[in-house]
Amino acid sequence: MTTPGTDPKPRPRTGPGRPAGLRRTGPVAGVWPAALAVTVAGWIVVAARGGDFLTVTNAVTILQNCVALGLVAVGQSAVILTGSLDLSVAHLISLGTLVAAETMESGGVLVAVLAVLALCGAVGLANGLIVTGLGVNAFIATLGTAFILRGWIEDTYTGPAGKVPASFQHLGYDRIGPVPVSLFLLLAVAAALWLITRRTRLGHHMYATGGDEHAARLSGVRTRRTVVTAHILCSLCAGAAALFLAARLGAGAPWAGTEARYDLESITAVVLGGTSLAGGRGGVAGTLGGVLVLAVLDSVFNQLAVDPFFKNVVRGVVIIAAVALYARGRRTSQERTA
């Protein structure tokens, strides 16, 4: 028997004070064992073909490939947590490398870094205001921004531009032992985003807005401001990726972001990391695991000289399987608590 007025099945409190995403991290935790499994499987397959997968050189390559995608993806995870997304990051990265290289050629490294971050912050602010102020769907709004950036790039540039000084290129190539220096940039940005999403009021509001925007608004959360801030954070992370790629390339490249498809790749990493595209569930830690899975898969494919078409097929299967497993686990959990 239960006392009248009590709930026989107490339900955990949700809302801005304690968002569901902070309590349930199953998919997020599961991506790291998955990354280990992919690494072991890749090692076995490459070894069976006469290759050597577990080498220092290959490990360094995998870590370097994680940096640019990881920077974009952790920013993308922040905006997806609010129930939004950003498809303009690839073109923003391309423009960022061009601005960085041209400014470094004439105005110095610090001025270039500030210019790129200011540009990216402005684009993120514009995306957030379009989504929240005009009520445009995030997919359409950021896709429109991407077309604007693409048009500007194609009208202004015909190829690589600017020059990055050797002092800044150390970011792209230097190592401390076997660890690339650029990896510390990724870890610093990821740690900052983790702290914001997990330990600040803004982070709680991001989870609450993504979980149920209407309920969050009724609870006093300024949901529009939260979404705008998330878009700014996402664009700033894209700016960090642009600076890293400029250091790697030594110049600005109009295709730096689009050729690698950082828009779709970043969303893929976020989904693999267990963050729900509907918002309100997931986190940066899982996103980093998703980035590692993609980087390891790319390394395996490159060593096996796999056809690009087959690469995309495998990636598509992996994404569908990850989302299906996540959805199944969520349904099972809901049935148990019902």
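The following legends describe close-up views of a predicted model.

**Figure 1. Overall composition of the protein chain.** The predicted chain has 338 residues, of which 47% count as buried. Its secondary structure consists of 14 helices and two strands. When contacts between residues at least 6 apart in sequence are considered, 80% of them join residues at least 24 apart. The chain exposes about 16,200 Å², and carbon and sulfur atoms supply 64% of that area.

**Figure 2. The largest nonpolar core.** This core comprises 77 residues, and the members that touch the most others are Leu-71, Val-74, Ile-93, Met-104, Leu-193, Leu-245 and Tyr-262. Helix α11, spanning residues 223-249, contributes the largest share of the core, with 13 residues. In soluble globular proteins, nonpolar side chains tend to be buried together.

**Figure 3. The surroundings of Met-104.** Met-104 is one of the core residues that touch the most other members. With residues up to four places away in sequence left out, Met-104 touches Val-109 and Ala-112, together with Lys-163, Val-164, Pro-165 and Phe-168. Leu-243 is a further partner of Met-104 under the same exclusion.

**Figure 4. Thr-223 in helix α11.** Thr-223 is located in helix α11, the helix of residues 223-249. Its relative accessible area is 2%, which is under the 20% limit, and Thr-223 is therefore classed as buried. Beyond the residues up to four places away in sequence, Thr-223 touches Thr-209, Glu-213, Ala-216 and Arg-217.

**Figure 5. Ile-176 in strand β1.** Strand β1 covers residues 175-176 and includes Ile-176. Because its relative accessible area of 54% is over the 50% limit, Ile-176 is classed as exposed.

**Figure 6. A nonpolar patch on the surface.** Five residues, Leu-36, Val-40, Trp-43, Ile-44 and Leu-54, form this patch, and together they have about 500 Å² of accessible area. Val-40, one of the patch residues, belongs to helix α2, which runs over residues 26-48. The relative accessibility of Val-40 is 37%; this value lies between the limits of 20% and 50%, so Val-40 counts as partly exposed.

Terms used: Residues numbered from 1 in each chain as written. Predicted model: local features only at pLDDT ≥ 70, side-chain atom pairs only at ≥ 80, totals over all residues. Heavy atoms only, no water. Core = buried A, V, L, I, M, F, W, Y, C linked by side-chain atoms within 4.5 Å. Buried < 20%, exposed > 50% of the residue type's maximum accessible area, 1.4 Å probe, protein only. Helix = DSSP H or I, 4+ residues; strand = E, 2+ residues; numbered from the N terminus. Contact = heavy atoms within 4.5 Å. Patch = residues over 30% accessible without salt bridge, like charges linked within 9 Å, V, L, I, M, F, W, Y side chains within 5 Å. Areas by Shrake-Rupley, 256 points an atom, 1.4 Å probe, with all protein chains shown as cover. Salt bridge = Lys/Arg side-chain N within 4 Å of Asp/Glu carboxyl O.
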